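Have a look at the model below. Then we can go through a few questions together.

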Amino acid sequence: MKQHDERTIRFAKLGPDGELEPPFPMDPVKLTESTRKIVCKVVDGIHLRKYTRFYAVGVYGGIATAYSVGCNYRCTFCWVDWSRDWPEIHGSFYSPSQVYSNLREIMRVQNLKRARVSGAEPTLCPEHICDILELVHQDADLFDLFVIETNGVVIGTEENLASRLAQYASRDADTVGHVRLSIRGGLPDPFMNKTGCCPEFLNLPFIAAQYLWDAGASFHVAVVVDPRFTSEEEKATIYERLNDIHSSVRRGVEEEFLDPYPHALVRLRAVGREDVTGREMNNKELYARRRMPKDE
Ligand code: SF4
């Protein structure tokens, strides 16, 4: 039988007994370490990261986007393509200045003042993301917003990262950075079922929110409140914990409802969520399924 290690954690599946099949539930801190070995590297002292593409989208009123490779969660509703699950065969390495130049070029052509690093988990390579933020900071007049989208695992485990991000994303100083922190769950079992993580890691995003608050960072929290994934009880628990950090953190929540993107449909069907996918596969799901890489 194929042995799983953190390098081969793809997406969660339910076994015949209705339980998650190994290697799930998994340890997101170990997955951070193993994914870093694939998507981050240092060449001649420059911190490189894998990306698949650079483009502009309409969210945030129009924003240039760098689509990074690799995440330390395995959300069942994740819309990211297969680069999340097979990071070793997707993307190319870019230096911070290459990422910056690509984003600036998109901004110039599309007449935008906003940019972000998104796609997977941008904080997996902290030196790389901080180097990009430094370049943005040096040219701050060209931006009115630079967004880092994160699930908070790295910020919650590596305490000084929140302070480093706050240098570029400050609540008080004149900076253009902003952190969008996603909190996926507030109760152990739903957290595990949504993210694929062991329940004991439930607290990390809340710790990240506390660190960001304490560091004076400009941030807000996004919560999946879609009732197909989050009960009223769980939502109330999340909001109470955010309110304990500060009432403004609770008040600033962005409520997320989920669209059934192609790769999400495959992942959701694998954990038996036909209530969301429907019984029949539509063309979007078939397309994503055909493009799924095969393990040996
Ligand atoms: S944190 Fe975001 S990118 Fe990572 S698995 Fe969840 S939805 Fe996908």
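Q: Where is Tyr 261 found?
A: This is a predicted model, where local features need pLDDT of at least 70, side-chain atom pairs count only at pLDDT 80 or more, and totals for chains, interfaces and linings use all residues. Residues are numbered from 1 along each chain as its sequence is written. Helices (H or I, at least four residues) and strands (E, at least two) are DSSP runs, numbered from the N terminus. Tyr 261 sits in the loop between β9 (254–256) and α10 (262–270).

Q: Is Tyr 261 buried, exposed or partly exposed?
A: Count the other C-beta atoms, placed from the backbone, within 10 Å of a residue's own: 20 or more is buried, 12 or fewer is exposed, and in between is partly exposed. Tyr 261 has 17 of them, so Tyr 261 is partly exposed.

Q: How are α2 and α3 oriented to each other?
A: Helix α2 (residues 96–110) and helix α3 (residues 126–138) pack at about 50°. Axes are lines fitted to C-alpha atoms, for helices over the stretch in contact, and angles run from 0 to 180 degrees between N-to-C directions. Under 35 degrees is roughly parallel, over 145 roughly antiparallel, 65 to 115 roughly perpendicular, and the rest oblique. So α2 and α3 are oblique.

Q: Which residues in α3 does α2 meet?
A: Two residues are in contact if their C-beta atoms, placed from the backbone, lie within 7 Å. From α2 come Pro 96, Ser 97, Val 99 and Tyr 100; in α3 they meet His 128, Asp 131, Ile 132 and Leu 135.
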